[in-house]
Amino acid sequence: MAREYPLDRVRDIGIIAHIDAGKTTVSERVLFYTGVSHKIGEVHEGEAVMDWMEQERERGITITSAATTCFWTPTYLPKDKKNEYRINIIDTPGHVDFTVEVERSLRVLDGGVVVFDGVAGVEPQSETVWRQADKYKVPRICFINKLDRMGASFEHSLKSIWERLTPNAVAVTIPIGHEGDHVGVIDLMRMKAVKFEGEHGEKIITEDLPLEMKNEAEKWRHIMVEKIAESDDALTEKYLEGKEITEPELRKALRAATIEYKLVPVFCGSALKNKAVQLMLDGVVDYLPSPGELAAVKGHDVKTEEEITRPPTDDAPFAALAFKLQTDPFVGQLTYFRVYSGVLKAGSYVLNANNDDKERIGRILRMHANHREEIKEIYAGEIGAIVGLKNTRTGDTLCDPDHPIRLETITFPEPVVSMRIEPKTKQDQERMGIALRRLSEEDPTFRIKSDEETLETIISGMGELHLEIIVDRMKREFKVEANVGRPQVAYKETIRQKAEAEGKYIRQSGGRGQYGHVWLRVEPQERGKGFEFENEIRGGLVPQEFIPAVEKGVREALDRGIVAGFPLVDLMVAIYDGSYHDVDSSEAAFKIAGSIALQEACRRAKPVLLEPIMKVEVLTPDKFMGDVTGDLNSKRGRIESITDRMNIKVIDAKVPLSEMFGYVTALRSQTEGRASYTMEFDHYEEVPNNVAELIKEGKK
C-alpha cells in the first residue's frame with residue numbers, strides 16, 4: 001500500500017497559547033472546517049471535542065495534548081483530492097505546571113500556531129511557551145483571536161508581539177472592524193476583503209477593498225512587502241529598484257523566511273464568531289514546513305554512541321519517538337509516537353533503543369480527537385498511536401532492530417513537591433495502587449513512594465496544581481476516593497565529617513539468644529554522589545553471610561534520618577570490625593546492630609539538613625525590577641544575573657523551594673500580572689541553622 005499523501009502535503013503542527021487565549025476554540029473550528037466534526041463544540045458550554053477528559057471540560061482548560069488528524073484544501077484552490085493536505089494537530093495545554101506536556105509536544109512538532117487574545121495581547125505564559133518553541137527552533141505563525149470582544153485591538157496585540165516576543169512578526173491579514181463591527185479581514189497578499197457568511201462562517205466571500213480602508217490596507221501591505229523583501233536578496237534588489245514584486249514571489253519568500261525562523265506571519269480573526277480561521281489554515285499550508293523540509297533527525301548509535309542521522313523519507317530505516325502515554329478507557333494503554341523516518345507496519349517488531357527491548361506492534365491507530373481509525377502502516381512524518389506496548393515510556397526511541405538509533409530523549413525535571421495521600425476505604429486501597437501506577441507511567445514528572453514507617457503513600461510532582469489534577473483524575477477516571485495532606489518540600493539530610501561508632505545488639509532470654517556486634521565508619525561524599533557501602537572485614541571477625549544483613553540495617557536507618565526524619569544521602573559507610581557468637585548470632589541481630597551503629601556514627605558526624613534549591617527565572621518589565629529582586633532576596637534567594645531580553649528584564653536566581661509556595665500570586669500582585677516565572681530544581685544545599693530549627697519543629 002502506497003502513501004496516501006506525498007510528504008510535502010503533510011503538516012505536523014501544534015496550537016500553542018496562554019490559558020484563555022481561545023486555543024481550544026480555534027482547534028474546534030479547525031476540526032469543523034476540515035470536516036472532522038460536524039457540529040461545533042464550545043469550550044464554555046463544556047462541549048469541546050479535543051478536550052475529552054472530564055476535568056478539561058469542567059475547568060475549561062486543556063491538560064493532555066490530544067493528537068488529531070484532519071485534511072485541508074487551501075481556500076484559493078479548487079476542492080480536489082490532489083490539492084488536499086493532511087494536517088496532524090497536537091493540542092497543548094497552556095498552564096505552567098504542565099510545561100512537560102508543552103515541551104514534549106514541541107519536541108515532535110514541525111510548526112506551531114500561536115494564538116493570542118486580541119484584548120490582552122502577549123501574556124506571561126505566551127512568553128514562556130514562545131521561548132520553549134525557540135529552544136526547539138519551531139517555525140510558527142500567529143493568530144490574533146477574539147477581535148470581536150470589547151476592548152480588542154489588533155494593533156495593540158501586534159505591537160505586544162513585536163515588543164515582547166519578536167520584531168520579525170509580519171501582518172499578512174488585518175481586521176475589518178473591531179468588537180461588534182468585526183465582519184472579516186483584508187488579505188494583504190491578494191489585497192482583497194474576505195468575509196465569512198452562513199451559520200458557521202463556512203461561506204467565504206471575497207470582495208474588493210472597502211474604500212474607507214484602502215489607505216490603511218496600502219500602509220500595512222507596504223510594511224509586509226518591505227519585511228519580506230528584506231529576507232531575500234533577489235527581492236531586496238527588485239524592491240530597491242522600485243519594481244513590482246508578484247504574489248507568488250512574496251509567498252515563496254515568506255515561506256522560506258518562516259521555515260528559517262526569520263519571519264513570523266500574523267493572521268487575525270475571531271474563532272468564536274467563525275471569522276478567518278480558514279485563512280489561518282491556508283497559512284499553515286503556505287508557510288509552515290512539511291516534515292521533508294526539515295533537516296535529518298540526529299541520534300546516537302546504540303553501541304558506539306557515534307552521532308548518526310535519519311533523513312525524513314519512507315525508504316530510510318524506521319525511527320520514531322514515543323512522546324506520550326495515555327490510558328484509554330476503551331483500548332487500554334496508548335503510546336503516541338512521531339515517525340521521523342521509514343515506515344511502520346502493524347504486526348512487525350521494533351526495537352526500543354532506550355531499554356534494548358523488542359516489542360511487537362499490534363494495532364496502529366490514527367486519532368481523530370474522540371474517535372479512532374485503525375491503519376495498517378504509518379509513514380515518515382506522521383503521528384499515530386500504538387495499542388498495548390509493554391515497556392515503552394515517554395521519550396523512548398522505537399526503531400528498526402537491524403538499524404538501531406537512539407534519538408535525543410525528552411528530559412524531564414525532578415519533582416520537588418510532595419504530599420501524603422491515603423485511600424478513604426479498603427476498596428479504594430487496591431484501586432489507588434493501580435491508578436497511581438498508571439498515572440506515573442503517563443506522566444514522567446509524577447512519582448510515588450511509600451513511607452516505610454507510617455506505610456503512607458507519598459506522591460511527588462512539579463507543583464501544587466499538578467498534584468491537585470492527579471488526585472482529581474484518580475477520583476474520576478479510577479473512582480478512587482482519597483485524603484491528601486499539605487504540599488511539602490522534599491528535604492534530605494547528610495553528614496559533615498568522618499566518625500565511627502559501635503552497634504551492639506545482645507538479648508538473652510532462655511534458650512537461644514540474639515548476638516550482633518559491629519563497628520562502622522561514616523564519611524561524607526560530594527553532593528549528588530549518593531550512598532556507598534564498603535566491607536573492610538578481614539580474618540572472619542564477622543562471617544561474610546552476615547554482611548548483607550548489616551548493609552540492610554544501614555539502608556533502613558538511612559531512610560529514617562537523624563536530624564528530623566528525612567533520608568540521609570551522600571555518605572560512605574564502611575564496616576571494619578565486630579564480633580559474633582557461634583550459637584546466638586543471626587541475620588536479624590546483625591541488621592539491628594548495623595542500624596544502631598549507623599545512627600550513632602551519624603550523630604557524631606555533625607549531621608545537617610539539606611533543602612532543594614530551585615533555579616528561578618523571572619521575566620519582568622523594567623519598572624518592577626526593584627520590587628521583584630527585593631522580594632527574591634527576602635526569600636533567601638541569590639540573584640545570579642540580570643539580563644535584557646528584547647525589552648524585558650530576565651532575573652536568574654537560586655531560591656530555596658520552601659520559600660516559593662504561592663509565589664505566582666505574590667509575583668502577579670507585585671507586577672500587575674505582567675511578570676512570569678519558570679522554576680526548576682537545581683541542587684541540594686545545607687539549610688541555615690535558624691531555618692533548620694523551624695523545620696525540626698515542623699513549622700516549615
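**Briefing on a predicted protein model**

Helix α12, covering residues 547–560, packs against helix α13, covering residues 587–604, at an angle of about 45° and with the two axes 7 Å apart. The model is a predicted one. Its protein chain holds 16 helices and 38 strands. The points below treat the chain as a whole, then the helix pair, and then some individual residues.

**The chain as a whole**

- The protein chain has 700 residues, and buried residues make up 55% of them.
- Among the contacts in the protein chain with a separation of 6 or more, 72% are accounted for by residues 24 or more positions apart.

**The packing of α12 and α13**

- Two packed helices are described by the angle between their axes and by the distance between those axes.
- For α12 and α13 the angle is about 45°, and the two helices are therefore oblique to each other.
- The crossing of these two helices, α12 and α13, is right-handed.
- On the side of α12, the contact is made by Ala 549, Val 550, Lys 552, Gly 553, Val 554, Glu 556, Ala 557, Leu 558 and Arg 560.
- On the side of α13, the contact is made by Glu 587, Phe 590, Lys 591, Gly 594, Ser 595, Leu 598 and Gln 599.
- The residues of this contact between α12 and α13 comprise 7 nonpolar, 4 polar and 5 charged ones.

**A buried arginine in a strand**

- Arg 366 lies in strand β19, which covers residues 364–368.
- The relative accessible area of Arg 366 is 5%, so this residue is buried, the cut-off for buried being under 20%.
- The side chain of Arg 366 is joined to the side chain of Glu 382 by a polar contact of 3.0 Å.

**Residues with positive phi**

- Tyr 261 is a residue other than glycine, and its phi has a positive value near 60°.
- Tyr 261 is located in the loop between α8 (247–259) and β11 (264–268).
- With a relative accessible area of 25%, Tyr 261 is partly exposed, because this value falls between the limits of 20% for buried and 50% for exposed.
- Asp 570 is likewise not a glycine, yet it has a positive phi of about 55°.
- The loop that contains Asp 570 runs between α12 and β34 (571–579).
- Asp 570 has a relative accessible area of 5% and is therefore buried.

Technical notes
Residues numbered from 1 in each chain as written. Predicted model: local features only at pLDDT ≥ 70, side-chain atom pairs only at ≥ 80, totals over all residues. Heavy atoms only, no water. Axes fitted to C-alpha atoms, helices over the stretch in contact; angles between N-to-C directions. Helix = DSSP H or I, 4+ residues; strand = E, 2+ residues; numbered from the N terminus. Parallel < 35°, antiparallel > 145°, perpendicular 65-115°, else oblique. Left-handed = near helix turned anticlockwise from the far one by under 90°. Contact = heavy atoms within 4.5 Å. Nonpolar A, V, L, I, M, F, W, Y, C, P; charged D, E, K, R; others polar. Buried < 20%, exposed > 50% of the residue type's maximum accessible area, 1.4 Å probe, protein only. Polar contact = N/O pair within 3.5 Å; in protein donor to acceptor, adjacent residues only side chain to side chain.
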